[in-house]
Amino acid sequence: MYDFDAFLAHDLIGATVFDARSVRELPNHEFYRKWVGLTNSQSNANRSFRGFLKLSVTVLGPNDVQQAHDLDAEYQKELVEEVGYGVDGMVKPNFTMKTTYLVIFVWEAEDLNIMEANLFSNTRIEAYVRVNFCGSQAITSVVCVRGRARLAPEFNEELWLPVTEPTETRRISVGLWNYSSHTRDRPIAHLYFDLDDIERSSKYISGSFLGGGLLEQNNYMGPRPRWYNLYGAPIRIQGKRGALQNRYGNEASTYRGRLLLSMELLARPPNEQRHKSMAHRRPFHFKPNTRLTSASAKYHLRALVVMGSEIPQFRSPAIGNCTKMRLVISIGNHTLTYAWEPNKRGVVMWNMLLTLKAIKLPVLVEEIPDVCLYLVRGPPKILTVCFSRIAAARLLREQFRAGPCWELLKPEPSRASQLGGAALKTNPGAVLLKLGFGLSEDALDPDFSWPEEELLRKAKDRVPFCLRVFIYQAKELPASDQTSLLDPYVKVRFCGKKEKTRVHAMTTAPLFYETLEFHEMLPLDVRFGPDIVVQVWDRDVFSSNTPRALLRFPLTKCHVLASEGSKIPSPSWENLTSIGAEPISSQILMSAALIRKRDLSERLGRSECIIPQMRQAWVEITCVGVRQLKAHRLRAPQEPCVRIDVPAPNDRGNCFRTQPSSVPSGRNANFLERKVMAIDMPENPLYAPNLDLRVYDARVGISAGLHKRLLGASSIDLSSKLPWNSEAFVAPQTELFSGSDVWQQEKERNEESHLRTQSELLGSGLSQWTIKYPGDAGLQFRERLDSNHEDDYDEFECDVEHLELERHSPDALSSMPGDSGTGAFDPMILSGLPMIHEDVIFREKQIQFAEKFPLDEDITPFPEMINASSTSTEYSTLLGSQASYKLSELPISFPSQWAAAEYIEGREWWTKQGGRELENHLKTKPFETYKLFRGKFHPNASKSTLRCVGVFKGILRVLETNPSCEKEPFFPLQILSSAIYTVRLYIIRGSNLQQQELTLY
């Protein structure tokens, strides 16, 4: 907040700082209507609040929804709750202020690399540490160190940052920078800390402790210093290319050194520091001896690198072929460098075992740097193209007993494909290696020894095998275009070769049932064999095909068959990832088997068909309609129709399309159609297909084009619809509304203890009952309570089924008085009145219309009006013998509560709860709802356009017998047919209306 100045710079009154991450983690992702204190970190005056500000801050991430608020209600609530008025009558915040000091001791740095090397300056680094917190910034002195590697500047300074609490920010940023006199300062790496994790000290510290004498070297009483490892972009990568890695080290690729820090929060600073309210620095003369810092120990690092798979290929015009590749493994500044090997169709064979012996590292696990793998492309242009980081703690737990495993690589973000690196959106491959890391004395133990010759023999000795990959089906594949669909096919890569299935059109749940074969030389120990890389691709007609999902299937999961005639292994659902190895919800049903061959050229018989055993079934689809369809390309839906495909192997599926409908509107169209299809279904529910549902706009014209627009699509799993699936079958209309009031009440009842015995429940008339009227379609209702015990329960726990069915039972209908048509008044008041003047005019117009256009006798052109020949005398005397009257002539005060009206009787429980949808109060779902999606999927939610664009409502059933033979349909669609209703709206009074024109009235 600033003080405006017309001629000079605006003066800062005060400021407050928020962490975006902390705000997003709050309920509803918002800091809503709360008081904050304003402080001025640029002033050397006291650190008290310069004022208070009530504000709201909202931080929304991908798929977050902003909370809607009732401002008027919240204002009234705040006036009641807030206390403490000032002299000016304004409400002031009620919290206590205190000032503490964040003290960061910056000792030294190690293992830094040179930042400047040119003809005019020697190799050196000019390092300093910058700390930012809550709008304050403190910087150490610049320390210049010359050398070529492993530079170690010593700072020996303490940074003081006053903190006025309470504060809304928690993150402390500590950055190591390189000073430059002629260009911008360059960041080396950054560390982040949480204020709540800093040790708080309430002890009083005298000024001599933090002074500068010689005796203080042995009197350091602060927190124990600790080494923090720094990670950033590769050396000499600066600017925008390395900005993200230098700012956020968690995703960085390169070890940049380490920094020795200690920090604490002081509640009682020394006297000479209390008058300083701005961030500043002070030198100290402590030395980081063995008593203060953690000890070090000697470690061994062993690495057997076997091979690389799916390695990116780089062609060089200078050599006319693919460049060679090598692997570099490092921990801190210690490295293992492997030989250059050729890249043959993405496969690189190393088969080398190297060891780092007696390297000196800290004893504390959290201070040991990560083990980094670097894939380097060969001459003439040597660049690091891929990397991977492995936590040292994981290797220490396994010590030297871990088996071979595949380590996935990541593309180097600072070197895109245009700069000689790997494309960021492609699969960078993986490396098969066996890593061992531990103390040197453990490495010399015979129990942890590695038989080098035996390991290399297992990796090199190979025999012929036939690999068969059985691809059955996939589901929930990521959409590749704006239609939320794709044309998928599966491509399998193994040992540099590839095979693929045929393409399936416009689906996210294809049925493949194909077998792909590979004949390769593989090691007998399959742990040293390559992974099977399964990729799902989308075929594009006018552009190149794009990969959408990835699975690395380890060779150890393959079944080794005794012969080619052995039984095919059972498949399983495997989780797919994005091409960048990010988790997604897609799955693929597959299995794989290995068959030993006498010779690589030996031919095997054709694999048997993998289509499962099928049985005849019938699929009944009741299409009720679609709800809340969203516009497509700024065009609202006009006449939507639904296409439903039930796939089956060998293209033996079936499909049907509903008639276009715009009733009552294009966004909420009702179809009211029922379709029965005979189709083959698998006996085993594991192979159950997914039903594809697509909604089109059937309007064809100049504005819409000659093709039907796809409005939304959905894929429905039929495994829970199969009646022979005893484990997961869900019968129609038996599911509870998740999140509804009844569902919540059921959950609460199951959790609470039984306060009444079973006999008491039976005595109170509690029973479960089912009533079938023409409109209930066989719904199951909750327990009915006897009227004598209704007071024992909450008045809002009554069910809508009971209340409505009791009102529409034959006894209730016969005893119910005639509908007067007004509904807003007591029927006794209106029983003796003549006809309303407005109704007389309306009736005369209807009679004239009927005479001009004669209708059938059975059709009434207008509803019956109020009977004017009633027996009441009170209002007849008031109005005399006139044939009609106006509403303004009646001495009726319109009620503010309408609960006494006949139309509202029995529904008080609904109106008191806000009048929400009645369907949410049912125990069972009368219809099934399936969300419709449109858009393109992206692993990064902020870039994904896939979203819900509507809902399909209907009932899906899979039956073992033909439902056409049933005497009555499962759901009678005639109860949903449209009817004519008369709706009257009484506008009584308006208030607080705002003028729209500049007039005198």
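In which sense do strand 35 and strand 36 pair, and over how many bridges? Point 2 takes this up.

1. Basis. This is a predicted model, in which local features need pLDDT of at least 70, side-chain atom pairs count only at pLDDT 80 or more, and totals for chains, interfaces and linings use all residues. Residues are numbered from 1 along each chain as its sequence is written, and side-chain values use heavy atoms, with hydrogens and water left out.

2. Strands 35 and 36. Strand 35 (residues 572-577) pairs with strand 36 in the antiparallel sense, over five bridges. Two strands count as paired if DSSP finds at least two bridges between them; strands are DSSP runs of E with at least two residues, helices are runs of H or I with at least four, and both are numbered from the N terminus. Glu574 has Ile588 of strand 36 as its bridge partner. The two strands form a hairpin with five residues between them, and Ala581 in the turn has a positive phi of about 65°.

3. Other partners of strand 36. Strand 28 runs antiparallel to strand 36 and is joined to it by 10 bridges; here Arg468 is the bridge partner of Ala593 in strand 36. Strand 34 (residues 559-561) pairs with strand 36 in the parallel sense over three bridges, with His559 opposite Ala593. Strand 36 (residues 583-596) is largely enclosed by the rest of the structure, because 10 of its 14 residues are buried. Buried means under 20% relative accessible area, exposed over 50%, and partly exposed in between (1.4 Å probe, protein chains only).

4. Five strands form an open antiparallel sheet in the order 21-20-23-24-26. Its edge strands, each pairing on one side only, are strand 21 (334-337) and strand 26 (410-411). Strand 24 (residues 383-390) pairs antiparallel with strand 26 over two bridges, and Cys386 stands opposite Pro411 of strand 26.

5. Aromatic pairs. The structure holds 13 aromatic pairs, counted where ring centres of Phe, Tyr and Trp (its six-membered ring) lie within 6.5 Å; planes under 30 degrees apart are stacked, over 60 edge-to-face and the rest tilted. Tyr299 and Phe437 are stacked, at 5.2 Å centre to centre and 10° between the planes. Tyr299 lies in strand 17 (residues 296-309) and Phe437 in strand 27 (residues 430-439), so the pair ties together parts 138 residues apart in sequence. Tyr299 is buried at 3% relative accessibility, as is Phe437 at 0%. Tyr472 and Tyr513 form an edge-to-face pair, at 5.9 Å and 85°, and both are buried.

6. Charges over rings. Arg302 lies over the face of Phe400, 5.0 Å from the ring centre, and the charged end of Arg615 sits over the ring of Trp724, 4.2 Å from its centre. The criterion is NZ of Lys or CZ of Arg within 6 Å of the ring centre and within 35 degrees of the ring normal.

7. Cysteines. The whole structure has zero disulfides, taken as pairs of cysteine sulfur atoms within 2.5 Å. Cys134 is partly exposed at 22% relative accessible area, whereas Cys558 is buried at 8%.

8. Confidence. The chain averages a pLDDT (the predictor's confidence in each residue, from 0 to 100) of 78, and 73% of the residues score at least 70.
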